[in-house]
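Subject: The structure we talked about

Hi,

Here is the structure I promised to send over. Have a look at it first, and then read my notes below.

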Amino acid sequence: MKLQDIHSPADIKSLSVPELEDVASQIRDALLTKLSRHGGHIGPNLGMVEMSIAMHYVFDLPNDKIVYDVSHQSYVHKMLTGRMDAFVNPEDYDKVTGFTNPKESPTDIFTIGHTSTGVSLAGGLAKARDLRGGTERIVAVVGDGSLSGGEAFEGLDYAATLGSNFIIVVNDNDMSIAENHGGLYENLRQLRESDGNCPTNFFRSLGLDYRYVAYGNDIATLVKAFEDVRDIDHPVVLHICTQKGKGYAPAEADKERFHFGGPFDRATGNPLHISEAPDYGTLTAEYLLGMMKEDPSVVAITAGTPGVIGFTPERRRQAGRQFVDVGIAEQEAVALASGIAKGGGKPFFGVVSSFVQRAYDQLSQDMSINGTPAVIGLFYATICGMNDVTHLGWFDIALISNIPGIVYLAPTCMEEYFAMLGWAMRQQEHPVAIRVPGTAVVQTGRSFPTDYSDIDSYAVAHRGDKVAVIGAGAFFSLGEQVVAGLKEQGVDATLINPRFLSGLDRQLLLELTKDHSVVVTLEDGVLDGGFGEKVARFYGSMPMNVLCYGVRKEFVDGYKYDEILKANRLTSPQIVEDVMRLV
């Protein structure tokens, strides 16, 4: 059967095992062709080929439900459920997202891009089915380190009480994004080495039935395993061992690099686009390693994404016990950092902006109320970063800056970032978050203060009159463009670097009322609850026009940067035009 003839799972149900194996070979080839040209999650999907085929062969979608956690391992599922063209036709590559999406197919139950939620979501589907007397089978597929998240445990803990059909597939490829960390994964290793028969069994300790499949890249074995549990009348864990990157030697050999990547040379595995420019992750890791050599209390923490903060395997080895990976568990990372700081250590937790949302309670309760001087670095906190709906880096300003006690710093460039980071790691008075300025490293050659203990004090970069432009963080450069544009219109505008997102320089803002009639705020994030609203509220009872620029509160997916900037009037000509209407 040709891949183009597969339009739904029904098209493979009459095939023999050898024919299914041929389909698997074609799918793996198509995946490698697309991923080498387009980029995406490589290793997770190559390892899921046979399992995905077997599940769609045994279960009856869309009546039966499969929930993928994390759904970056759902590419083959998409190929088998009516979206084959997006994987075999280059002109259609961008017609599907990298995660399950109910807008694309009724077989995609949830949009999922964050981890450790799948068992809970699928458990809810099972409970709803039982309440209304349904008969559909419910399957949760967990993999790539998802079990390390606290909600995964909570989902498993509840699942054991359901007493009805619920199949939890643990896709065990012995990896997270990088190597696995934590005691749970030690038990998975013991289960693998004992063919599922070691006396300690995490899943059985919760009251769950348990089955083990040693080779999860064999279709015949998988079909039988799924048929055995398809109509089971109680919750069961199907522990399946797969090979991450299966069938592509470079991905099998370097699982971490091939978890996700851009276009690559299929023959060698080498990236097609190699940038010589520095990146904030690498620079941060080098900076912290330097601190570690001088101070044994410095520790770098990641929640399963060491590459985000530049800690390659070699740098992890250099750091030794001063590097901690808690697995995909941001709540643990923030609370751990708070405890380390309380105990006299100097922790830095580097995290993707959208991932820190999972740790709101720890930021508030465990860190801020206790006033522990932990440092959080937020990466990809920008409109011009990750552009899929589950990874938007827009919301951290509104989230973090409104928690009392946190000092949220917004450096404008590389030099200011490291000036702020150095102060944050030395000081012992405040929890500090630093919004790493965008994705591309901007070097200015300027010198910046090394002491930020005068909290909420803004820096005036240029003093003018009539109009004041406050450009926060990465949008300071946009502020420079706006001021230059206003200069061409005959307006000598003031330019301000606020530095602090978590508070207002009330004295400076009040002084502006003497000779300014317009204040413009620019922030690389959502407007609602953001920095600009604080400024506008301050001027609420005063005769000051305030224009706040950021992005609207909405979820968008797969957007283009220039289009979303224009749609939110975030280009310099648009802002200058708006200001000139008021001047």
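This is a predicted model: local features need pLDDT of at least 70, side-chain atom pairs count only at pLDDT 80 or more; totals for chains, interfaces and linings use all residues.

Let's start with the parallel sheet. It is an open sheet of five strands in the order E2-E3-E4-E6-E5, with parallel pairing. Strand E2 (65-69) and strand E5 (209-213) are at the edges; each has a single partner strand, so one side of each has no neighbour in the sheet. From one strand to the next, the twist averages 20°. Within this sheet, E3 (residues 138-143) and E4 (residues 166-172) run parallel and are joined by five bridges. If you want a pair to look up, Val141 has Val169 in E4 as its bridge partner. Helix H6 (residues 118-132) lies across E2, E3 and E4, and runs at about 175° to E3. Helix H10 (residues 219-229) packs on the sheet as well, touching E4, E5 and strand E6 (235-241), with its direction at about 170° to that of E6.

Next comes a sheet with mixed pairing. Its five strands form an open sheet in the order E14-E16-E15-E17-E18. Strand E14 (459-462) and strand E18 (545-551) are the edge strands, each pairing on one side only. Here the twist averages 25° from one strand to the next. Six bridges connect E15 (residues 466-471) with E17 (residues 516-526), and these two strands run parallel; Gly471 has Leu522 in E17 as its bridge partner. Helix H18 packs on this sheet, where it touches E14, E15, strand E16 (494-497) and E17, and its direction makes about 175° with that of E16. Helix H20 (residues 531-538) packs on the sheet too, touching E15, E17 and E18.

H18 (residues 476-488) also turns up in the second largest pocket, where it gives the most to the lining, with five residues. That pocket has a volume of about 380 Å³. It is lined by 23 residues, and the closest to its centre are Val442, Ala474, Phe475, Ser477 and Leu478. The lining divides into twelve nonpolar, eight polar and three charged residues.

Finally, is Met414 buried or exposed? Met414, which is found in helix H17 (residues 414-426), is buried, because its relative accessible area is 16%. Beyond its sequence neighbours within four places, Met414 is in contact with Tyr280, Leu283, Val441, Val442 and Gln443.

Enjoy exploring!

Best wishes

Note on methods:
Residues are numbered from 1 along each chain as its sequence is written. Side-chain values use heavy atoms; hydrogens and water are left out. Helices (H or I, at least four residues) and strands (E, at least two) are DSSP runs, numbered from the N terminus. Buried means under 20% relative accessible area, exposed over 50%, partly exposed in between (1.4 Å probe, protein chains only). Contact means heavy atoms within 4.5 Å. Two strands pair if DSSP finds at least two bridges between them. Axes are lines fitted to C-alpha atoms, for helices over the stretch in contact, and angles run from 0 to 180 degrees between N-to-C directions. On a 1 Å grid over the protein atoms alone, a cavity is a set of points where a 1.4 Å probe fits but cannot get out, and a pocket is an open set with protein on both sides within 12 Å along at least five of seven lines; lining residues have an atom within 4 Å of a point. Grid points are joined across faces, edges and corners, and a volume is the space filled by probe spheres set on the points. Ala, Val, Leu, Ile, Met, Phe, Trp, Tyr, Cys and Pro count as nonpolar, Asp, Glu, Lys and Arg as charged, and the others, Gly among them, as polar.
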